[in-house]
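Hi there,

Here is the structure I promised to pass on to you.

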Amino acid sequence: MPNPVAHSLAVTASVLASTAAGWRGAMQRRARSVATDPNSTPLPQLFDMEGCPYCRVVREALSELQLDVEVYPCPKGGTRFRPRAAELVGRKTTFPVFYDVERGQAMPESADIVEYLWEHYDSGRAVRPNALTYATSSLATAMRPTRGFRARPSRGPAQLLELYSFEASPYSRLVRERLTELELPYRLWQLAKEQRSDIGPANARLTLGKWTPVPGGRREAMIARTGRAQVPCLVDPNTGRTLFESADIIGYLESTYAL
Ligand SMILES: N[C@@H](CCC(=O)N[C@@H](CS)C(=O)NCC(=O)O)C(=O)O
């Protein structure tokens with residue numbers, strides 16, 4: 001388990017990171033909510049690192065589009081998935097790299113990826129990140145300058161882990177940093193807010209009266225599967241564990257996969 005004081009400071013820095021980036025990637029922006037489908041395959045693949053501002057811009061779009069992906073972390077010094085990213089692009093590449101498995105199309109360059117995502121997954125709307133998007137994303141990285149960038153020794157899981165998250169979630173960021181550093185691949189289930197009453201921590205939602213999830217939406221599906229609608233939530237099919245608290249998840253990843 002991380003030291004509680006250090007963890008609280010990390011959460012504060014992560015809140016500042018999300019604030020710097022204008023809380024992009026907190027609300028879904030599709031015309032309507034799309035339910036998560038654990039059986040939908042093949043999912044697109046993202047080769048990224050949590051601390052990279054260019055990768056963040058892509059992950060924000062993925063959250064807002066509610067597009068679930070497989071994430072293959074490629075931290076600096078990482079050896080597990082970097083070769084595959086280079087093979088897909090056909091040369092040494094920068095990150096992020098997005099691979100649309102269904103269409104057999106791989107691409108680097110965050111602005112091109114974001115444009116592609118909105119065009120192909122949201123009925124053709126043209127959205128391209130601008131200078132302000134990148135400046136604020138870089139500011140978010142500056143709040144956690146040493147995390148989610150460099151590879152550390154780890155053992156790889158036989159099956160992909162699963163993470164419920166949305167890009168602006170400060171607690172989820174801390175978990176994604178560890179997943180990056182330990183080069184642990186995961187299915188990312190998007191849980192961006194679907195309605196105003198989803199805003200706020202899971203135990204203190206900004207709603208008067210009883211909170212109910214959007215019918216047929218992602219929170220409803222998550223509750224049916226895990227019993228709660230709260231991020232981060234890590235499901236590890238390798239051990240059968242489901243964990244909800246960021247400190248517990250980080251402790252679990254360290255003790256199970258770090259070397
Ligand atoms: N113009 C590119 C820039 C991407 C970029 O420079 N990414 C850095 C990480 S933040 C990178 O891949 N560096 C080389 C490396 O890590 O091997 C984009 O928008 O995607």
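Predicted model: local features only at pLDDT ≥ 70, side-chain atom pairs only at ≥ 80, totals over all residues.

Let me start with the ligand. Around it sit Met49, Cys52, Tyr54, Lys76, Arg82, Thr94, Phe95, Pro96, Glu109 and Ser110. By class, this shell is made up of 5 nonpolar, 2 polar and 3 charged residues.

Arg82 places a polar side-chain atom 2.7 Å from a ligand oxygen. Phe95 uses its backbone instead: one of its N or O atoms lies 2.7 Å from an oxygen atom of the ligand. As for burial, the ligand on its own would expose 510 Å², and the protein covers 77% of that.

Now to the largest pocket, whose volume is about 600 Å³. Its lining consists of 27 residues, and those nearest the centre are Tyr171, Gly200, Pro201, Ala202 and Val231. Helix 1 (4-20), helix 6 (170-181) and helix 8 (246-257) are the elements that contribute two or more residues to this lining. Which of the elements gives the largest share? That is helix 1, with 3 residues. Sorted by class, the lining of the largest pocket holds 17 nonpolar, 6 polar and 4 charged residues.

Happy to hear your thoughts once you have had a look.

Best wishes

Methods:
Residues numbered from 1 in each chain as written. Heavy atoms only, no water. Near = heavy atom within 4 Å. Polar contact = N/O pair within 3.5 Å; in protein donor to acceptor, adjacent residues only side chain to side chain. Areas by Shrake-Rupley, 256 points an atom, 1.4 Å probe, with all protein chains shown as cover. Nonpolar A, V, L, I, M, F, W, Y, C, P; charged D, E, K, R; others polar. 1 Å grid on protein atoms, 1.4 Å probe; cavity = no way out; pocket = protein on both sides within 12 Å on 5 of 7 lines; lining within 4 Å. Points joined across faces, edges and corners; volume = space filled by probe spheres on them. Helix = DSSP H or I, 4+ residues; strand = E, 2+ residues; numbered from the N terminus.
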